[in-house]
Amino acid sequence: MPLDFTAIDFETANSSPASACSVGLVRVRGGEVVAQTGWLIRPAVGHDEFNEWNIKIHGIHPHDVAGADTWAQQLDRLCGFAGDDVLVAHNAGFDVKVLRRSSEVAGFAAPPYRSLCSLAVARKTYDLDSYRLPVAAAAAGFGDFDHHDALADARACAQIVIDAARRAAVHDVDALGSALGVKLTPAPQPAQRAVA
């Protein structure tokens, strides 16, 4: 199987994982970036307050997303881009939680994606003082980039996994996880209804 996956990164308006305000997506086929996209998202009502700290990190303000699609309006586009791929993210637990909670708040089931954490991959691949995304990406040969721009961050994640797979001499994400002892997170299971 080839090294195929979609790298993803979300920025949020506040500490709520349902407050996604931007997304970056990078499609990798055969170990090469073949497509990339990103867009702003208008967070759901009740999750749409922009925290000053978050604004300071990513530079996105409420007026920037005022005309953007909501999660409900853009979820099909996100899933259409990612297809059936494994999702790769740096600290994937955060991005998968944003995907899950934003979907739930919008009234949708969580999309059934498996995920691989590029942070865990970097820790098993490089000997660094820090495994923050800019440091790990530099070790993977992806130099200066606009950290906390969702698309740039997704591109950096993709490069870490591409470089790690090359170093491990493996050709797909499952083999990379096995070679490094990094588990891919399974797709979330649909919630079970309680039987009365």
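Predicted model: local features only at pLDDT ≥ 70, side-chain atom pairs only at ≥ 80, totals over all residues.

Helix H3, which covers residues 71–82, packs against helix H4, residues 92–105, at an angle of about 130°, and their axes lie 10 Å apart. That angle makes H3 oblique to H4.

**H3 and H4**

- The crossing that H3 and H4 form is left-handed.
- On the H3 side the contact involves Trp71, Leu75 and Leu78, and these meet Val98, Leu99, Ser102 and Ser103 in H4.
- Sorted by class, the residues of this contact between H3 and H4 comprise five nonpolar and two polar, with no charged residue among them.

**H5 and H7**

- Helix H5 (residues 118–125) and helix H7 (residues 150–168) pack with their axes 10 Å apart and at an angle of about 40°, which makes H5 oblique to H7.
- Where H5 and H7 cross, the crossing is left-handed.
- H5 contributes Ser118, Val121, Ala122 and Thr125 to the contact, while H7 contributes Cys157, Ile160, Val161, Ala164 and Arg167.
- Of the residues in the contact of H5 with H7, six are nonpolar, two are polar and one is charged.

**H7 and H8**

- H7 also packs with helix H8 (residues 173–180), at an angle of about 65° and with the axes 10 Å apart, and the two helices are therefore roughly perpendicular to each other.
- The crossing in which H7 passes H8 is left-handed.
- Val161, Ala164, Ala165 and Ala168 of H7 make this contact together with Val173, Leu176 and Ala179 of H8.
- The contact of H7 with H8 has seven nonpolar residues, and neither polar nor charged residues take part in it.

**The largest pocket**

- The largest pocket holds about 430 Å³ of space, and its lining is made up of 21 residues.
- Asp9, Glu11, His90, Phe94 and His148 are the lining residues that lie nearest the centre of the largest pocket.
- Strand S1 (5–12), helix H1 (52–58), H4 and helix H6 (133–139) each supply at least two residues of this lining, and the largest share, four residues, comes from S1.
- By class, the lining of the largest pocket divides into seven nonpolar, nine polar and five charged residues.

Definitions and conventions
Residues numbered from 1 in each chain as written. Heavy atoms only, no water. Axes fitted to C-alpha atoms, helices over the stretch in contact; angles between N-to-C directions. Parallel < 35°, antiparallel > 145°, perpendicular 65-115°, else oblique. Left-handed = near helix turned anticlockwise from the far one by under 90°. Contact = heavy atoms within 4.5 Å. Nonpolar A, V, L, I, M, F, W, Y, C, P; charged D, E, K, R; others polar. 1 Å grid on protein atoms, 1.4 Å probe; cavity = no way out; pocket = protein on both sides within 12 Å on 5 of 7 lines; lining within 4 Å. Points joined across faces, edges and corners; volume = space filled by probe spheres on them.
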